[in-house]
Amino acid sequence: MRILFALPGFHRYDRGAEIALMAVASELARGGDEVTLIGAGDPRPDAPYRYIQAPAIRRERFEGFPALPAFRNNTAYEEATFAPGLAMRFRPSEYDLTVTCAYPFTNWTLRRPVLGKRPRHVFVTQNGDWPAYSRNSEYRFFGCDGLVCINPDYFERNRARWNSALIPNGMDPARFSPGQATHEAFGLPADKPIVLMVSALIPSKRVDVGIRAVAQMPGVHLVDAGDGPMREEIDRLANDLMPGRFSRISVKPEQMPSLYRSADVFLHLSKDESFGNVYVEAMACGLPIVAHDWPRTRWIVGDDEFLADSDDQNALVTAIRSALDANGVGRDARLDRAKRFAWGNIAAQYRDFFSTLIR
């Protein structure tokens, strides 16, 4: 198959959506498909796919811009600057199928009218499924030939209208596995329990809730690997509530497995996460998981992790303490569950769905 993946964040950011689609693209390319990526970042010589760079203004430049229809956040502004370059570099006749998780501008560009046969288009719900089911504003112009739903809620909501497949995200088992802690590499104390968050500093990730909870646990150190527009607010809150016990760090993708191995508990408090690659990465490294208790989280991590109503601070603190006291209980089951999400297994499901659409 000749497949194009397009997303402005490719090779520029290593976050959830970018990591997921690049992982699928890499597995498909290694499996023999002709895979091309178009993104705004620099080429990476070790990539197994063909890469084409298209310019885009970085999303950080748009922090604080007004939220408007079609320009609802800083990533939408970034995407609007990416679309012209994508349009210039996109040759529809070269592909059987196009893929993105960006709406509206990337989706519109890939689905624009063409002379001859337009490639089949697949939209992946990495950042939510509201383009697929909403009928108002710019969402009424959404369209696709196939919809990849990364959790059961999205699948049930959209399967009647769109040709849909339920395919989760995953992780690389060759990278994410238990191993030796390296506290010093991240400037973390070796003599204190470490609670790890891997969350962008935006309201939906609720890093502030994690700070307020861990602040009630003397001697416990909280670290967040993430950045975003709330960085100053988060730093102030941590300095006020738990001085000397909070670290905010930036980590390269190749360092992430070591960071997980250097923690004792993984904490993730988003209440509207499309999937959360970080859950399976943490599980694959053997970390007990504390998260908001809702069906989508249980679908990923199972029923034996430390889930709680994160709106109840006492319940959240109790869950974190229980996870710290677990002493490896449930580790083998956690590792077995993580294997189901290996990217090779996930890419095989994508390949089957793509083949069906092309036929």
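Student: Leaving aside its neighbours within four places in sequence, which residues is Ile-52 in contact with?

Tutor: Please keep in mind that this is a predicted model. Apart from neighbours within four places in sequence, Ile-52 touches Thr-36, Leu-37, Ile-38, Gly-39, Arg-89 and Tyr-95. One of these residues, Ile-38, is 14 residues away in sequence, yet its C-alpha lies 4.8 Å from that of Ile-52.

Ile-52 belongs to strand E3, which covers residues 50-53. E3 is part of an open sheet of seven strands with parallel pairing, arranged in the order E3-E2-E1-E4-E5-E6-E7. E3 and strand E7 (164-166) are at the edges and have a single partner strand each, so one side of each has no neighbour in the sheet. On average, neighbouring strands of this sheet are turned by 20° against each other, direction ignored.

A helix also packs on this sheet. Helix H2, residues 74-89, touches strand E1 (2-6), strand E2 (34-39) and E3. The direction of H2 makes about 145° with that of E2.

The whole structure contains 18 aromatic pairs. In the pair of Phe-62 and Tyr-77, the ring centres are 5.3 Å apart and the planes are at 15°, so the pair is stacked. Phe-62 lies in the loop between E3 and H2, while Tyr-77 is in helix H2, so the pair ties together parts that are 15 residues apart in sequence.

The structure can now be followed further along the chain. An open sheet of six strands, with parallel pairing, has the order E10-E9-E8-E11-E12-E13. Its edges are strand E10 (246-249) and strand E13 (306-308), each with a single partner strand, so one side of each is left without a neighbour in the sheet. The twist from one strand to the next averages 20°. Strand E11 (residues 265-268) and strand E12 (residues 289-292) run parallel and are joined by three bridges. In E12, Ala-291 stands opposite His-268. Helix H9 lies across E11 and E12 and runs at about 175° to E11.

Two helix pairs complete the picture. Two packed helices are described by the angle between their axes and the distance between the axes. Helix H9 (residues 277-284) packs with helix H12 (residues 331-339) at an angle of about 130°, and their axes are 8 Å apart. This angle makes H9 oblique to H12. The crossing of H9 past H12 is left-handed. On the side of H9 the contact is made by Val-280, Met-283 and Ala-284, and on the side of H12 by Arg-334, Leu-335, Arg-337 and Ala-338. The residues of this contact of H9 with H12 comprise five nonpolar, no polar and two charged.

In the other pair, the axes of helix H6 (residues 207-214) and helix H11 (residues 313-324) come within 9 Å and cross at roughly 70°. H6 is therefore roughly perpendicular to H11. H6 contributes Val-209, Arg-212, Ala-213 and Val-214 to the contact, and H11 contributes Gln-313, Leu-316, Val-317 and Ile-320. The residues of the contact of H6 with H11 divide into six nonpolar, one polar and one charged.

Technical notes. Residues numbered from 1 in each chain as written. Predicted model: local features only at pLDDT ≥ 70, side-chain atom pairs only at ≥ 80, totals over all residues. Heavy atoms only, no water. Helix = DSSP H or I, 4+ residues; strand = E, 2+ residues; numbered from the N terminus. Contact = heavy atoms within 4.5 Å. Pairing = 2+ DSSP bridges. Axes fitted to C-alpha atoms, helices over the stretch in contact; angles between N-to-C directions. Parallel < 35°, antiparallel > 145°, perpendicular 65-115°, else oblique. Left-handed = near helix turned anticlockwise from the far one by under 90°. Nonpolar A, V, L, I, M, F, W, Y, C, P; charged D, E, K, R; others polar. Phe/Tyr/Trp six-rings, centres within 6.5 Å; stacked < 30°, edge-to-face > 60°.
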